Amino acid sequence: MILECDIGNTRCKWRVVGEGAEENRGAFDCADGFGELPSLDGIRRVKVSSVAGSTVNEELTRTLASAKLEIEFARTSPLKAGVENAYADASKLGVDRWVAMIAGYNRCRGPVLILDAGSALTVDLVAANGKHLGGYITPGIQLMKSSLLAETDGVRFDRDNHSSGTAFGTDTASAVHAGVVAAQVGAAIVAIEEAGRKVSAGFAILLTGGDANVICTNLPATISAEVTMVPELVLDGLQWVLP
C-alpha cells in the first residue's frame, strides 16, 4: 500500500491507497505533529507533496524513520507528465501548484484552469498542448483576516465565528467575513475571464482546497455550473509526479 500526503502551510491531508482503490484518508493540523497519521503496517511507499518547509518535512522524516520508510518528495521540474512549466526557474514554482496542474491536465486531457483555495488562493492555467500559461497567487480567506487583525488597530473581530456569504455586513465582523469571501470570489471570476482570453476554445475549471466550497457556493450560478470540485487534486497528482 502507498501513503500519500499533501502537506500545506497549516494542514496535512493524507490517504492510503492500494490495489488501485483508496483504503483510508484523513487530515490534521501540522502544528499537532504527525501522530495522527495512520498505521504504517503494510505501507511500502510514502509519496509527499509539501510546501511546509524543512522543519515540518524533517519531523515527518523522523516519524517515518522508525518504520524504515523513506519519503519520496515531489519536486517541480521543467516538464512532467505532459505539462511544461512556465517559470524560467522551474524550482521556484510551488510544488503543490505543480502537482495540481499535472493532475488537472491529465484528468481533463485538455485546457484546464485550476483554482486551489487554501492559505493562499492560487490559480494556474494549462493549455491544450500542456503548456503552463501562468496564474495568480493571492492571500486566502484566513490569511486576509490575519492581515487585518495584525495590521490595523480598529478592525477587531472573532476570526472563527462567521458566515460564508457575501451579503453586506452590518457590523465590523460581518463586513470583514463577507468582504474576504467577496475578494476570493472576485479573484476567481477575474481568473476565469482571463483564462477565456488566453484559451480560444473551452476549458475545464477545477476547484480544490479547504475553502473551495465557500468560493463555489458564492459564484454566479452560470459560472458555478461549469466548475468541478476535486477535493484531493494534489494527492491525485502524485501518481504522475511520483509514478
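Strands, like helices, are DSSP runs numbered from the N terminus, and a strand has at least two residues. In this predicted model, Arg11 is found in strand S2. UniProt lists Arg11 for "binding site", in an unreviewed entry.

**Annotated site**

- The UniProt record, an unreviewed entry, gives Asp6, Ile7, Gly8, Asn9, Thr10, Arg11, Cys12, Lys13 and Ser119 for "binding site".
- These residues span 114 residues in sequence, yet no two of their C-alpha atoms are more than 13.9 Å apart, so they gather at one spot.
- Asp6, Ile7, Gly8, Asn9, Thr10, Arg11, Lys13 and Ser119 are included in the lining of the largest pocket.

**Gly8 and Arg11**

- Gly8 sits in the loop that links strand S1 (2-7) and strand S2 (11-18).
- The relative accessibility of Gly8 is 19%; buried means under 20%, so Gly8 counts as buried.
- Beyond residues up to four places away in sequence, Gly8 touches Cys30, Val51 and Ala52.
- Arg11 has a relative accessible area of 38%, which means that Arg11 is partly exposed.
- With neighbours within four places in sequence left aside, Arg11 contacts Asp6, Ala27, Phe28, Asp29 and Cys30.

**Largest pocket**

- The space in the largest pocket is about 860 Å³.
- Its lining has 36 residues.
- Asp116, Ala117, Gly118, Ser119 and Gly210 are the lining residues that lie nearest the pocket centre.
- Ser119 also belongs to the residues that UniProt lists for "binding site".
- Helix H3 gives the most to the lining, with 3 residues.

**Nonpolar cores**

- There are 28 residues in the largest nonpolar core.
- Leu113, Leu115, Leu207, Ile215, Leu219 and Val227 have the most contacts inside this core.
- At least two core residues come from each of strand S8 (112-117), strand S9 (120-126), helix H3 (141-151), helix H4 (172-198), strand S11 (204-208) and helix H5 (212-218).
- H4 gives the most to this core, with 9 residues.
- Leu207 touches Leu115, Ala212, Ile215, Cys216, Val227, Thr228, Met229 and Val230, with residues up to four places away in sequence not counted.
- Another core, of 22 residues, lies apart from the largest one.
- Leu93, Ala100, Ile114 and Val126 are among the residues of that other core.

**Strand S9 and its partners**

- Of the 7 residues of S9, 6 are buried, so S9 is largely enclosed by the rest of the structure.
- S9 pairs with S8 in the antiparallel sense, over 6 bridges.
- S8 and S9 form a hairpin, with 2 residues between them.
- Ala117 has Leu121 in S9 as its bridge partner.
- Ala117 is also one of the residues nearest the centre of the largest pocket.
- S9 is joined by 6 bridges to strand S10 (residues 132-139), and S9 and S10 run antiparallel.
- Val126 stands opposite His132 in S10.
- S9 and S10 form a hairpin too, with 5 residues between them.
- Gly130, in the turn of the S9 and S10 hairpin, has a positive phi of about 90°.

Technical notes
Residues are numbered from 1 along each chain as its sequence is written. This is a predicted model: local features need pLDDT of at least 70, side-chain atom pairs count only at pLDDT 80 or more; totals for chains, interfaces and linings use all residues. Side-chain values use heavy atoms; hydrogens and water are left out. UniProt positions are given in the numbering used here, feature names are shortened, and annotations may be inferred rather than shown by experiment. On a 1 Å grid over the protein atoms alone, a cavity is a set of points where a 1.4 Å probe fits but cannot get out, and a pocket is an open set with protein on both sides within 12 Å along at least five of seven lines; lining residues have an atom within 4 Å of a point. Helices (H or I, at least four residues) and strands (E, at least two) are DSSP runs, numbered from the N terminus. Buried means under 20% relative accessible area, exposed over 50%, partly exposed in between (1.4 Å probe, protein chains only). Contact means heavy atoms within 4.5 Å. A nonpolar core is a set of buried Ala, Val, Leu, Ile, Met, Phe, Trp, Tyr and Cys residues joined through side-chain atoms within 4.5 Å. Two strands pair if DSSP finds at least two bridges between them. Grid points are joined across faces, edges and corners, and a volume is the space filled by probe spheres set on the points.
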